[in-house]
Amino acid sequence: MQNVGWLSDLKLRSSWGITGNQEIGDITSLALYRTNYGTVGQTGFNQNTASYGNNGTAYDINGAGTGNLPSGYVLAQAANPNLKWESTREFNEGIDFGFLQNSIYGSFDYFTRKTKNILVVPPYAGIEGEGESETVNGATKSNKGWEFAIGYQNHAGKLTYNIQANIFSFHDKITYLPATVVGAYPGNVQQTILGHSSFAQFGYVVQGIYQNQQDVTGHATQPGAAPGRLMYKDLNGNGTIDALDQTWLGNQIPSLNYGLNVDLGYGNWSFAFFLQGVHGGIVSNQHKANTDFLGLNPGVNIGQRALHAWTTQNTGSDIPALSLVDNNDEERFSSYYIESGSYMKIRNARIGYTIPAKALRNQHVLDGINLFIMGENLATFYKKHGDKAFTGQDPENPGNNYPIPRRLTAGINLSF
Amino acid sequence: MKAYRNYKSAILLLALTSLTVASCSKNFLNYNPQGAVTASDLTTPTATDALVIAAYASLGNDDWENMVSSQWVWGSIRSDEAFKGGGSITDNGQFNQYEQYNLITTDMPSNDLIWATLYAGVARANTALRAVEAQTTAAYPQKIQREAECRFLRAHFYFLLKELFKNIPFANENDAADSLPLVSNVQYSNDSSWGVIANDFLYAAQNLPANSGQVGRANKYWAYAYLAKTKLYQAYQQDATNQVTGIDQGDLAAVIAYADSAMAGPYSLDADYADNFTFEGENGPESIFAIQFSVADGTQIGRLDMADAVNYSIASQYGCCSFHLPSQNMVNAFKTDANGLPEFTTFNNTSLLTQNDFLTNGIDPRLDHTCAIPGHPFKYQPDVIFDSNWVRLPSVYGYHDNMKEIQPATCACLVKVGPFFGSSKNIDVIRLADVMLWKAEALIQSGDPNDALPLINALRTRAANSTGKTRFADGTAPSNYRISTYQPGVNCTWDQAYAFQALQFERRMEFGMEGTRFFDLVRWGIAADVLNNYIAVEKTRYNFLANAQFTKARDEYLPIPQTEINLTHGLYQQNNGW
C-alpha cells in the first residue's frame, strides 16, 4: 500500500456497543405512597390545570373550619417489579480516506441502532385513580442512517482553498409496541405509531374552507362548522368529524441534512462562509395561532396574515374567517399547522484582510493587523409559496415568534 | 483534593462493607427505601384511618377548571338558569362549549379531566376500603363504620360520574389496578348501574351510626338521604337514547321510605333561607352532607372552595372574574302572580330589568338570596349595594350576578389566592330542603300529591319568612316580596299535574344557581324541550346564544372522553349520539 501514490490515507472503522439509559428516577420499581398535607397544585391526573386547586390528603373532618387537620396518604407511583434496563445496541461502520497528499479527504459512515425496552411512563385510564403512573419497558425503535463528508484543499498560485461538504440522513421506526404503552405515543383507537417514526405527526386533515351554507350542510357533521371556517376531512366516512378522522400527517425528521464550508485565501485576503440546510420533513407551525386565529390567544398581537383571511369578498383565501371565538375547534392539531421544514441558511460569512508584514516593518509594537467583516445568519431560504409553504418566521424554530437575529460584526485584530 | 480522596476511600469502604453484608443475605438485591411510604407501611389502624381521611379529602380536591365540589358548570350553566360569564366568550372557553351544547366535542380535555378526577375519588375510597377490610374488628373496632364511610364516599363519586356520563365503569375495591381498564362502561344497564350506587349507599345507611361524633364524618342520615336521591334518579327509567320511558313505582316507594329515614335525623330547616349561604350559618341544622372547607389550617392556602374562586365580581373589594351569572330567564322565574304563586307558563313573557320592575311585580324573596341585582343590597349587607359597575361584560352577559356561593369581602372565610378568592364556607351537597322535595316528587309521581303539599309549602313559608337579611338599612325591601303557600281550592287546584309543575318550579326557586337544575331536567326527561325553548327566547336577549342548540338524545350527557376510549383501547362504548 505504501507504493500507492495517489492514496494517502485509508482507514476502515467498525464499532459495536450496547448502552443503557440512566434517565430514570430512583426506586421506580416500587409502589410508593405519599402524604400531601395541603400544597396546591394541579388537580388533574392526566392533564394540567390551573395551579390553585387542592389535591391534598388532609380534610377538616371535625368541621372546625380551621386549625390542624388529620391527613392521609395517596398513591404516588405504581409498582413494576419487572422493570429493567432500556438498552441501545449500535453498530457503526465507517471509512476514512485521503487522496493525493490528503488534498481530497473524507469519510463515510453507516450506522444502525436498535433501542429496546424503551423506558416510558405511559398515561393510564382514569378508572385506575391517582398515582398509577408506572415506569414500564415498552417499545422498540430502530434507527438507520449514513453520513458522507468530503473535503478538498489545495492552492493555485496565490489562491488557497479548503472546501468541506457533508450530507447525512437518518430515519427511525417504532418496530414493537406493546399495548401498555400505546397511549404514550400519538395515535387513536384504530391507529398506533407502530411502523411509524417516533417523530411522526398525527391529526386532522383540512379539506378547505366552507364557502357557504350549502358546503356546511353538504359536509359531514362538524361541531362549529360555518361558512369561512375550516372544513375537516371525514376520513372514515361516517358522516361525523370525530377523533377517528385523524391520520399521519408526516415526519418531522428531514430526509437530508447538509452543510458546506468554504475557506478561501488570496494573498492577504481571506474569505469564508458556512452554509447549512435540511431538506424534506415537516414542521408544526404553532405560531399560526398568533397569525391566523384571533380567538386562540385573546389579547395578544396578531400577525399580518390575519389581513388576508377569508371573507365573503375574499373567498379564495385559505386562511379561515376571522373570529374572536374558536367554536370550530381550529386549535385542534391538523394539517393546517403542517408546513414544509426545508430550509437552507448562510450561517456565517467572513471577509478579512491582513495588512502585509512589510508595512509594519518600521516599528516594534505590532506584529500584525487583521481587518474583517463578519456576518451571522445572513440569509435563510425556505418554501414561501405553494403546497405546505412555511408561513412563520424561521422553519428551524417553527414555534418561535421571533426570527433569529442577523448579526454583522466589523473588527480589527491587533497582534503585539 | 484531600476531600476528594476521602470521598473515594469512603466509596471503597462502602463497597467492601456491602460486599460483606451481601454475602450474608440471599436478598441483598431487595432494597427497602428509607423515607418513602410503601403499602406495607400502611397496615396499622392509624394508617387505615388516615387512608379514609384521604378519601374524604377528595370531596373538595378541585378548582374551577375541574369542579367536583361545586357543580356550577355541570348543573347550572348547562341549564336555563345561568351563563358562563367571565372576561369574554372565550375566557375559559370550554364552559362556553358546554353552555352552547353543539360545540362540545368528544376530545375536550375538560371532559377527561373531570372523569379522571372523579375516578381519583373512587380510587381513594377503594384504597381505604381495602385497608379497612384487611383489619380485624379486634384491632380496629371501627372497621364496619369505616367500611360504610368508604362505600358512601365511593357512591358519591359514582353518582357524580353517572349524572355526567351515564355509562360508566365501576371499580371494585378488590379489582387489581391492571384489571381496571378492562372493566366495560356498559357492563350494567342504566337501571342496574343506579342499583350498584344505591347498594353502596344502602350498606352505608345500615352500618353507619346515627351520630358519627364528627361534623364532617358520614352518619346514617347522610346515607339515607343520598339513597333517596339515587332511587329517585333510578325511578325515571331511560332508554338508550336518554328518553324517559316510565317511572318505577317501586323505586318511588323506596324514595319515600329512605327520605323519611333521613328526615328522622336531627335536622330542621334553617329559620332563614340565608343561613344556608353564609359562613356563619355553615353546618347549621339544615345541612346534612357538606364538604368541609377550612382556612388557616397549615396548608398552603387553606383547604378552600376553589371551584367558585372565579365567580367573584370585579367590584374593588373583589377584583375577579365574574363567572357564573344568572340568565334573564332565571331572574324572571322569581316573578309571582297576584296570589303569590309562580307564573308557571308566562313568567318569561316580560323581563325584570329596571329597579322599578322588581317593585311592581310580585317577587319570590329567594331572588335576593340568589341573584345580585344592581341597586339591591349585596349578600345580606344593607349598606353594600350591588352596582352595575361591578359587572364585567354586560354587553355580552347582562347585569345580573350570582350571590349564593359568594361571601362578603369582610368574611373571615375569604382568602385571596392570586387574583382569585377562595372561601372556607362549606359547600352543601345535601341539605334538608332537597330531601323534602325528593320525597314530595316521589309522592306526586306515585299519585299522592296531597302528602307532597305540606313539604312544598314548608319551603314556601320559610322563604316568606326569609326577608330580614335582604333589606336596605332603613328596612325597606329592594323587591316587592309576594309569596304564598299553595292552598288547594283557594289559590290553586292541587291535582297531580299541577302539583308536579309546582314541584318543578319549587326546585328551581329553592336551588337556583346551586348546580342541580340541569340534572333535574334530564331526570324529568324534558331537557331538550325546556332548554331549546329557553335558547329560542334568551338568544333574542343575548346574542352569544345565537347558534346554541341542545341536541335531543345526545346532550343529556357528556361524551365518554375520547382519551379514556383510547386508553382502554376502544373498550368503552361512546354515549348515544356522540
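**Notes on a predicted two-chain model**

1. Let's start at one spot in chain B. Leaving aside residues up to four places away in sequence, Ala155(B) touches Ile197(B), Asp200(B), Phe201(B) and Tyr226(B). Keep in mind throughout that this is a predicted model. Ala155(B) sits in helix 6, residues 143-165 of chain B. Is Ala155(B) buried or exposed? A residue counts as buried once 20 or more other C-beta atoms lie within 10 Å of its own, and Ala155(B) has 26 of them, so it is buried. For a sense of distance, take Asn185(B): from Ala155(B) it is 30 residues along the sequence, and the two C-alpha atoms are 16 Å apart in space.

2. Next, have a look at helix 8 (residues 220-235) and helix 14 (residues 432-445), both of chain B. Their axes are 10 Å apart and they pack at an angle of about 35°. The crossing of helix 8 of chain B past helix 14 of chain B is left-handed. Which residues of the two helices meet? From helix 8 of chain B come Ala225(B), Ala228(B), Lys229(B) and Leu232(B), and from helix 14 of chain B come Val435(B), Trp438(B), Glu441(B) and Ala442(B). Sorted by class, this contact between helix 8 and helix 14 of chain B has six nonpolar residues, two charged ones and no polar ones. As background, an α-helix has 3.6 residues a turn, so residues three or four places apart point the same way.

3. Helix 14 of chain B turns up again with helix 9 of chain B (residues 249-263). The buried residues of helix 9 of chain B pack against helix 8, strand 3 (244-247) and helix 14 of chain B. Those buried residues are Asp251(B), Leu252(B), Ala254(B), Val255(B), Ile256(B), Tyr258(B), Ala259(B) and Ala262(B). With 15 residues, helix 9 of chain B reaches 21 Å from first C-alpha to last, close to the 21 Å expected at 1.5 Å a residue.

4. Helix 15 of chain B (residues 449-464) can be checked in a similar way. Its 16 residues, at 1.5 Å each, should span 22 Å, and the end C-alpha atoms are 22 Å apart, which agrees. The buried residues in helix 15 of chain B are Pro449(B), Ala452(B), Leu453(B), Leu455(B), Ile456(B), Leu459(B), Arg460(B) and Ala463(B). Their cover includes helix 14 and helix 16 (496-510) of chain B.

5. Helix 4 of chain B (residues 93-100) is worth a stop too. It is mostly covered, with seven of its eight residues buried; among them are Phe95(B), Tyr98(B) and Glu99(B). The cover over these buried residues includes helix 3 (72-77) and strand 1 (82-85) of chain B.

6. Strand 12 (residues 414-417) and strand 13 (residues 420-423) of chain B pair in the antiparallel sense over four bridges. Leu414(B) is placed opposite Ser423(B) in strand 13 of chain B. Two residues lie between strands 12 and 13 of chain B, and Gly418(B) in the turn has a positive phi of about 60°.

7. Now over to chain A, with its open antiparallel sheet of 10 strands, ordered 1-6-7-10-11-16-17-20-21-22. Strand 1 (7-20) and strand 22 (407-415) of chain A stand at the edges with a single partner strand each, so one side of each has no neighbour in the sheet. From one strand to the next, the twist averages 10°.

8. Inside that sheet, strand 6 (residues 87-99) and strand 7 (residues 104-116) of chain A pair over 13 bridges. They form a hairpin with four residues between them, and Leu100(A) in the turn has a positive phi of about 50°. Arg89(A) is opposite Lys114(A) in strand 7 of chain A. Strand 7 of chain A also pairs with strand 10 (residues 140-156) of chain A, over 12 bridges, and there Asp109(A) is opposite Glu147(A).

9. Finally, how many residues of each chain are in contact with the other? It's 66 residues of chain A and 77 residues of chain B. Strand 2 of chain A gives the most to chain A's side, with three residues. That side divides into 31 nonpolar, 27 polar and eight charged residues.

Methods
Residues are numbered from 1 along each chain as its sequence is written. Chains are lettered from A and ligands numbered from 1 in the order in which they are written. This is a predicted model: local features need pLDDT of at least 70, side-chain atom pairs count only at pLDDT 80 or more; totals for chains, interfaces and linings use all residues. Two strands pair if DSSP finds at least two bridges between them. Axes are lines fitted to C-alpha atoms, for helices over the stretch in contact, and angles run from 0 to 180 degrees between N-to-C directions. Two residues are in contact if their C-beta atoms, placed from the backbone, lie within 7 Å. Ala, Val, Leu, Ile, Met, Phe, Trp, Tyr, Cys and Pro count as nonpolar, Asp, Glu, Lys and Arg as charged, and the others, Gly among them, as polar. A crossing is left-handed if the near helix is turned anticlockwise from the far one by less than a right angle, and right-handed if clockwise. The expected span of a helix is 1.5 Å times one less than its number of residues. A residue is buried if 20 or more other C-beta atoms lie within 10 Å of its own, exposed if 12 or fewer, and partly exposed in between; C-beta atoms are placed from the backbone.
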